[in-house]
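Here is a short briefing to read alongside the model. Please keep the sequence and the 3D view open as you go.

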Protein chains: 2
Amino acid sequence: MNYLKLTFDKLEVGEINELVAHESCGAISLFVGTTRDNFDGKTVVLLQYEAYEAMALKTMNHICDEMRLRWPDIKHIGIHHRLGMVPVKEASVVIAVSSPHRNASLEAVHFAIDELKKSVPVWKKEQYADGEGCSEWKENRECTWSKSYKDSHIL
Amino acid sequence: MNYLKLTFDKLEVGEINELVAHESCGAISLFVGTTRDNFDGKTVVLLQYEAYEAMALKTMNHICDEMRLRWPDIKHIGIHHRLGMVPVKEASVVIAVSSPHRNASLEAVHFAIDELKKSVPVWKKEQYADGEGCSEWKENRECTWSKSYKDSHIL
């Protein structure tokens, strides 16, 4: 099963771990992306996330298909992405994968976060500490989709 | 900080994630080893774990040192190992690593569970479903320490 979600609620790592746990599996690997208190030398107070939701879920589904092709032993996949304001130390994304043996889940989680950064249409902007204002909405630095696609479809 | 623990209590993945979270970090990677419902074709009801506790903690500390040498950006490491009875689907070990950027934590967690399986003196035995009994206490199959060491020190 693929458990995919975009939500304005706080992400609970323990719950997402429970979601993918399965009696046939000896391994769960997780990646948690959190808001860091600095960016380009400036103090960050929180990050804001926006998504093109239908397309984001479609792309997340596609990443799951690709993971299951590469690691057929995978049992469950959870990818939860938070939208809106995410304060420092809190999670913006949690990826969890269960598998009978550990290598599949470890490798698949690494693959999933790399792909997610490259291909899922989620934008973020930094809210800096007093006097430093906000950054512009921006795609992930690793993003590979074309700017023209975004211009014509979303922004 | 290294948060190392051997405990007879249930491991809470959410709590261990919180333990290693840090405002300077954008990434937390976790590995959760869980009890699988089968082993060598037999139905497993639970696993039992025993450790040579002082030596296990010393070895876990050594693994942390090695991780910090290889990935100097690592902020916090948590390694919690459960002892006693661990039912199917529950965690016997949780490893969590925080780092400013994701590659360090992803690679370090993979390294840590591989090293832990090889070198930490923890034994387990399977409790099988009715009529199938118990296995013998045994070291991890990947274990590299010598049988003679174990014979003379523990069993």
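G33(A) stands opposite A27(B) in β2(B). That pair belongs to a predicted model, in which local features need pLDDT of at least 70, side-chain atom pairs count only at pLDDT 80 or more, and totals for chains, interfaces and linings use all residues. Residues are numbered from 1 along each chain as its sequence is written, while chains are lettered from A and ligands numbered from 1 in the order in which they are written.

**Where the chains meet**

- Strand β2 (residues 27–34) of chain A pairs with β2(B) in the antiparallel sense, over seven bridges. Pairing here requires that DSSP finds at least two bridges between two strands. Strands (E, at least two residues) and helices (H or I, at least four) are themselves DSSP runs, numbered from the N terminus.
- In total, 26 residues of chain B are in contact with 26 residues of chain A. A contact means that the C-beta atoms of two residues, placed from the backbone, lie within 7 Å.
- Three elements of chain B, namely α1 (13–20), β2 (27–34) and α3 (102–119), each supply at least two residues of the side that touches chain A. The largest share, eight residues, comes from β2(B).
- By type, this side of chain B has twelve nonpolar, eight polar and six charged residues. Nonpolar covers Ala, Val, Leu, Ile, Met, Phe, Trp, Tyr, Cys and Pro, charged covers Asp, Glu, Lys and Arg, and the others, Gly among them, are polar.

**How the copies are related**

**Chain A as a whole**

- Chain A has four helices and eight strands. Along the sequence they follow the pattern β-α-β-β-β-α-β-β-β-α-β-α.
- Along the principal axes, the C-alpha atoms of chain A fill a box of roughly 55 × 35 × 25 Å.
- Of the 155 residues in chain A, 38% are buried. Buried means that 20 or more other C-beta atoms lie within 10 Å of a residue's own, exposed means 12 or fewer, and partly exposed is in between, with C-beta atoms placed from the backbone.
- Among contacts in chain A with a separation of 6 or more, 75% are between residues 24 or more positions apart.
- S119(A) is found in helix α3 (residues 102–119) of chain A, and counts as partly exposed with 18 C-beta neighbours inside 10 Å. S119(A) and A56(A) are 63 residues apart in sequence and 8.6 Å apart in space, C-alpha to C-alpha.

**Helix α1 of chain B**

- V13(B), I16(B), N17(B), L19(B) and V20(B) are buried in α1(B). They cover an arc of only 155° around the axis, so they are on the same side of α1(B). The arc is that of the directions from the helix axis to the C-beta atoms.
- The cover over these buried residues includes α1 (13–20) and β2 of chain A, along with β1 (2–7), β2, β5 (77–82) and β7 (91–99) of chain B.

**Strand β5 of chain B and its partners**

- Six of the six residues of β5(B) are buried, so this strand is largely enclosed by the rest of the structure. I77(B), I79(B) and H81(B) are on one side, with G78(B), H80(B) and R82(B) on the other.
- β1(B) and β5(B) run parallel and are joined by six bridges; Y3(B) has G78(B) as its bridge partner in β5(B).
- β5(B) and β7(B) run antiparallel, with five bridges between them; the bridge partner of H81(B) in β7(B) is V93(B).
- Y3(B), in strand β1 of chain B, is partly exposed with 14 other C-beta atoms within 10 Å. Leaving aside neighbours within four places in sequence, Y3(B) is in contact with L19(B), H76(B), I77(B) and G78(B).
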